[in-house]
Amino acid sequence: MIIGQNLEQAGEFLRAGQLVAIPTETVYGLAGNGLDPQAVVRIYEAKNRPAFDPLILHIASLDVLPEIVSEIPEKALLLAERLWPGPLTLVLPRKPVVPDIVTSGLDTVAVRIPDHPLTLELLKRLDFPLAAPSANPFGYISPTKASHVAEQLSGSVAYILDGGDCQVGLESTIIGFPEGIPTAYRLGGLTLEAIESVAGPVQRLPHSTSNPKAPGMLQSHYAPRKPFLLSHRSAPGFIAGEDTGYLLFSDPLPGVAPEKQRILSPTGNLQEAAQYLFSFLRELDKTAAHKIHAEKVPDEGLGKAINDRLLRAAAVRD
Ligand code: TXA
Ligand code: MG
């Protein structure tokens with residue numbers, strides 16, 4: 001496994017059917033040739049990901065979209081034109097060229113143009129889209145640094161394209177169009193308000209864990225390995241013994257050692273909180289603490305997506 005910024009080399013590995021970790025504005029992706037079923041199988045294996053959980057295809061420009069989708073609803077086109085490149089994934093009817101394994105057999109495919117200069121340049125040099133889930137073992141916290149990928153997937157990626165720290169820090173917001181109605185399948189790095197300002201009202205899906213529309217909506221997901229409690233700082237038991245690490249929004253906990261606390265945004269900025277959420281969770285998962293206690297952030301704008309990830313991290317696991 002190599003870490004670097006050599007687009008030539010990364011492209012060669014991808015053309016040969018191997019996997020390359022790519023930086024995006026949201027999180028790092030584990031990428032392979034999205035039109036090559038064998039490369040896509042390697043992605044599922046590397047992540048230990050169940051085959052019922054479909055992948056996102058990443059493209060460099062809007063011109064490529066008609067090659068992989070059969071239909072683009074008017075509102076989808078509007079969103080794509082205004083908000084790509086960016087943390088927005090659109091679920092659209094697929095063309096037969098997209099392998100079944102990419103879509104888990106669904107007749108729709110998820111697509112986005114990521115907003116990262118290195119990855120955009122890489123995509124421009126390839127004549128196929130990149131299938132890329134987040135570059136973490138299935139169910140674990142998504143990676144926002146090249147080192148996160150190296151720590152967990154070094155055995156299965158040929159190359160890690162190091163694009164620095166992810167600026168958004170939350171996965172893309174996923175919008176589908178069942179019966180033509182824009183519908184949020186997963187909250188993410190672009191607020192629904194921003195999407196609604198372009199496309200009008202967006203339908204919110206009630207959470208379903210048995211038959212999730214987007215398995216990113218599975219109840220337990222994005223989870224650290226240590227026991228994780230989501231509560232209020234004033235709740236009984238929130239401030240616990242020496243063996244506890246804390247993930248906090250803007251204010252430190254008085255009386256708790258600074259090294260046991262991570263403050264998402266000292267100024268109370270939700271964008272900053274999103275950016276650090278996953279790396280702080282990983283840090284706390286690595287400290288000597290035996291458990292992690294976290295508090296919710298204000299439930300507005302990006303805070304809704306942050307709270308969604310915190311809730312899933314806290315969900316009871318099988
Ligand atoms: O920001 C992101 O979206 C990152 C970067 C790498 O682009 N990718 C990412 O991929 O988060 P992943 O695989 O961790 O999450 C993709 C989600 C899954 O929950 C999957 O179920 C959903 O997209 N998805 C993919 N195809 C779908 C489809 N046809 N219908 C509904 N949901 C779909
Ligand atoms: Mg993921």
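Reply: Let's begin with a term we will need: a residue is buried under 20% relative accessible area, exposed over 50%, and partly exposed in between. Keep in mind that this is a predicted model. The count of salt bridges comes to 16, and we can walk through a few of them.

Start with Arg-15 and Glu-12, whose side chains meet in a salt bridge at 2.9 Å, N to O. They lie 3 residues apart in helix H1 (residues 7–15), so about one helical turn separates them. Arg-15 has a relative accessible area of 40%, which means that it is partly exposed. Glu-12 is partly exposed too, at 44%.

Next come Glu-151 and Lys-286, with a salt bridge of 3.1 Å, N to O. This pair links distant parts of the chain: Glu-151 belongs to helix H7 (residues 146–153) and Lys-286 to helix H9, 135 residues apart. Glu-151 is partly exposed at 45% relative accessibility, whereas Lys-286 is exposed at 57%.

Now look at Glu-242 and Lys-260, where the closest N and O atoms of the salt bridge are 3.3 Å apart. Here, too, distant parts of the chain are linked: Glu-242 sits in the loop between E12 and E13, and Lys-260 in the loop between E13 and E14, 18 residues apart. Glu-242 is exposed, with a relative accessible area of 68%, while Lys-260 is partly exposed at 22%.

Finally, salt bridges with shared partners join Glu-171, Asp-308, Arg-309 and Arg-312 into one network.

Definitions and conventions
Residues numbered from 1 in each chain as written. Chains lettered and ligands numbered in written order. Predicted model: local features only at pLDDT ≥ 70, side-chain atom pairs only at ≥ 80, totals over all residues. Heavy atoms only, no water. Salt bridge = Lys/Arg side-chain N within 4 Å of Asp/Glu carboxyl O. Helix = DSSP H or I, 4+ residues; strand = E, 2+ residues; numbered from the N terminus. Buried < 20%, exposed > 50% of the residue type's maximum accessible area, 1.4 Å probe, protein only.
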